[in-house]
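Have the coordinates open while you read.

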Amino acid sequence: MSHFFTYAVLTSTVAAAIALASPFLLASLGETMGQRSGVINLGVDGIMLLSAFSTYFVALKTGSLLFGVLAGVGVGMVMGVITAFISVTLKAEQGISGIGIYLFGLGFSDLLFIKLVGTPLPINELTPIGIPLLDRIPAVGNMLFKQTILVYLAFLLVPVFAFVLNRTTYGLKIRACGENPAAADTVGISVARIRWSTVLIGCTMAGLAGAALLLYDGIFMENLTQSEGFIAVALVYFGAWRPLGVMGGSVLYGFTIAVVLEWKSLGIIPLSASDLAATAPAVITILALLLVARRFRQPAVLGKPYERGG
Amino acid sequence: MPPEGSQSRWAQRRTSWERFLLSWFALPGSLLAALLLGALMMAVLGANPLTGYHALFDGAFVGSYALGATAVRAAPLLLVGVGICISFRASMLNIGGEGQLAMGGLACAATALALPNLPSIVLIPLVLLAGAAGGAIWGAIPGAFKAYFNVNEILSTIMLNLVAVQIMNYLLAGPMVDNTQNSTYGLIPETRLLSSHSWLPILIPGTQLHLGVVIAVVVAGGAYVLLFHTGVGFRLRAVGISREAANYAGIKVKRTMVLAMTLSGAMCGLGGAMLVIGSISHRMVTDGSLTGFTGSDGFNGIVVALFGGLSPLWSVVSAFLFGGLLTGGDALQVATGVPADMVTALEGLVVVFVVSLEYMRRRARTAALAPPVTPSRSSRAKDDVPPLVGVGRAPGLGSHEASRTGASP
């Protein structure tokens, strides 16, 4: 334990936690928008896999990380159109159609990977950027201000999403559609249009999350996400459908992973028990779901398609 | 709501066509659509779709060896599918099949390792029951969380999958590892060879067909009787259709919800046990992922159940079909170079199509019921739905009605 509480180890653990949290945060923020409007999108994991692959493929072929990220975001948007069509226009059961999207993404990303790439080669890493002056603050600078641009973007988007949801007309419409779509419809809000937009935002963010995850790992492999997209959906519940709460959940989740990894490498957790320790993030999430379910109420019509004349 | 008043005869004929296409044709149609998209994918990737599907079909259904392999692949798939039928009928979306398979497999392997000397006739039922118990516990936890603490069961079951994989890795590398192996590079995470008394007997020599296939079909029959011809099954379905109404009728809703998940988990656990004692290596092995053990059957089973219209009996057909697709996937890969993962992608498409069609089918049915037609016609429209499209009546899929009650405060 004594080795853990040293300056170098502590700062690197926190820095790793922040970096690990950012893909979750990106995906969860997008999912928050969808869920506040009443749509639960369980296909996030499949979309992340597809966009992670396209980011990898484009970055590998063009050598440009920017093009890679753009491809990932683009794939997210395309999947957003499909998801919105299925769950808003066709009013399909969202829990199950999401699993369909997941299976499609899981199979298709690996199919393309084996067929088009074959032998995995690592791509360039995204270089961390130090924020001038702030990165010189002792400890905090190393922890927070020497990250990659996608990490900054993820955390900068938190106040943006909170502002949009809570302080704009658009946000009010989103919340109305999630709480009482019939009332929203009565005052002339197009429930379908609002939900289409939030699902598109959510899937685009999932695409960005897939790209961020890929750039963090630097290489693609089968089932790269390891259910991280589902965890992102769980983190929305964890964060009680509020962007700030979602951020807290993501950071806690990232921190748990980072601490377990660090303790493993320091030998604080014996090798034989390392698999058991790796259950910690999932167990913490379940416990958090328990707490949140008791204290907060989910959007009233979450997961229920809206039909006029009810 | 469809418009009131008279409709032209043409419109009526059109809706009845629509109804026909959407009822009998809906499920085969969604498989067909998925296969066509698959052909497109193959063509884009530079493979000949005809060669591919021909190889897939041959590898799955032609010859006794292929049929045996398909049946063996279908058995655990069917058990998971039956479990999904039970839980989805009760409106509990159990996505935790993967974890329940793993826990069932572990319980089964541990029992087989602990009691190697029992005769087959005792040991095989015992290890299968152990597997069912392991899966049942792993299903009961999210069931209770949902019933008593209102924790979303989709999320908790997925989290429990993540916990199960680590428990499996821990047990197979630690307490349950085969420490008799002499490897210089550390131990492979696998159990000892299980006692031959626990192996499922081969039914037809020269094929892989083992007793597990028969057991799975019998269990599916039992689940059908349970769901549709017993009080327990009635309560499960009643809770699935409306928790409020079931409560009003005096059904203990929370207990029934837990029961649904427990039974569902038990079926998946049974499937996990079958994966262990029906395996060719007669060991339980991990490659560090759940898929390595389950072959994604926890998810494939969802496809089987949906395609089987959430009926355990139709799931037998559906499991055989998807077992064939999964078995033939390898032949597809050999013949065209298109990876077998294509089958997973196709399954995803089937799920999406089946649940999307559900809304159109419901709309077509209400449209067909609306015009003033003879009583016999309108009653037929309700009752004539073939069991294959039981999805239409499946509670988990019918949340449009729920939105009506949910929308008004």
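What is the handedness of the crossing in which H2(A) passes H9(A)? It is right-handed: H2(A) passes H9(A) in a right-handed crossing. Handedness is right-handed if the near helix is turned clockwise from the far one by less than a right angle, and left-handed if anticlockwise.

This is a predicted model, in which local features need pLDDT of at least 70, side-chain atom pairs count only at pLDDT 80 or more, and totals for chains, interfaces and linings use all residues. Residues are numbered from 1 along each chain as its sequence is written, and chains are lettered from A in the order in which they are written.

Helices are DSSP runs (H or I, at least four residues), numbered from the N terminus. Axes are lines fitted to C-alpha atoms over the stretch in contact, and angles run from 0 to 180 degrees between N-to-C directions.

| Pair | Axis separation | Angle |
|---|---|---|
| H2(A) (44-62) and H9(A) (191-217) | within 7 Å | roughly 55 degrees |
| H2(A) and H4(A) (94-117) | 7 Å | about 20 degrees |

H2(A) is therefore roughly parallel to H4(A). H2(A) and H9(A) are oblique to each other. Angles under 35 degrees count as roughly parallel, over 145 as roughly antiparallel, 65 to 115 as roughly perpendicular and the rest as oblique. The crossing of H2(A) and H4(A) is left-handed.

Residues touch if their C-beta atoms, placed from the backbone, lie within 7 Å. The H2(A)-H4(A) contact includes A:Phe53 and A:Phe57 of H2(A), and A:Phe104 and A:Phe108 of H4(A). By class, this contact has 15 nonpolar, 3 polar and 1 charged residues. Nonpolar covers Ala, Val, Leu, Ile, Met, Phe, Trp, Tyr, Cys and Pro; charged covers Asp, Glu, Lys and Arg; the others, Gly among them, are polar.

**Contact between the chains**

Chain B and chain A each give 53 residues to their contact. On the side of chain B, H15(B) supplies the largest share, 14 residues. That side divides into 32 nonpolar, 17 polar and 4 charged residues.

**One residue in chain B**

B:Thr327 sits in helix H14 (residues 312-336) of chain B. Buried or exposed? B:Thr327 is buried, because 24 other C-beta atoms lie within 10 Å. The cut-off for buried is 20 or more, for exposed 12 or fewer, with partly exposed in between. Not counting residues up to four places away in sequence, B:Thr327 touches B:Gly59, B:Ala60, B:Ala69, B:Thr70 and B:Arg73.

Note on methods
Helix = DSSP H or I, 4+ residues; strand = E, 2+ residues; numbered from the N terminus. Contact = placed C-beta atoms within 7 Å.
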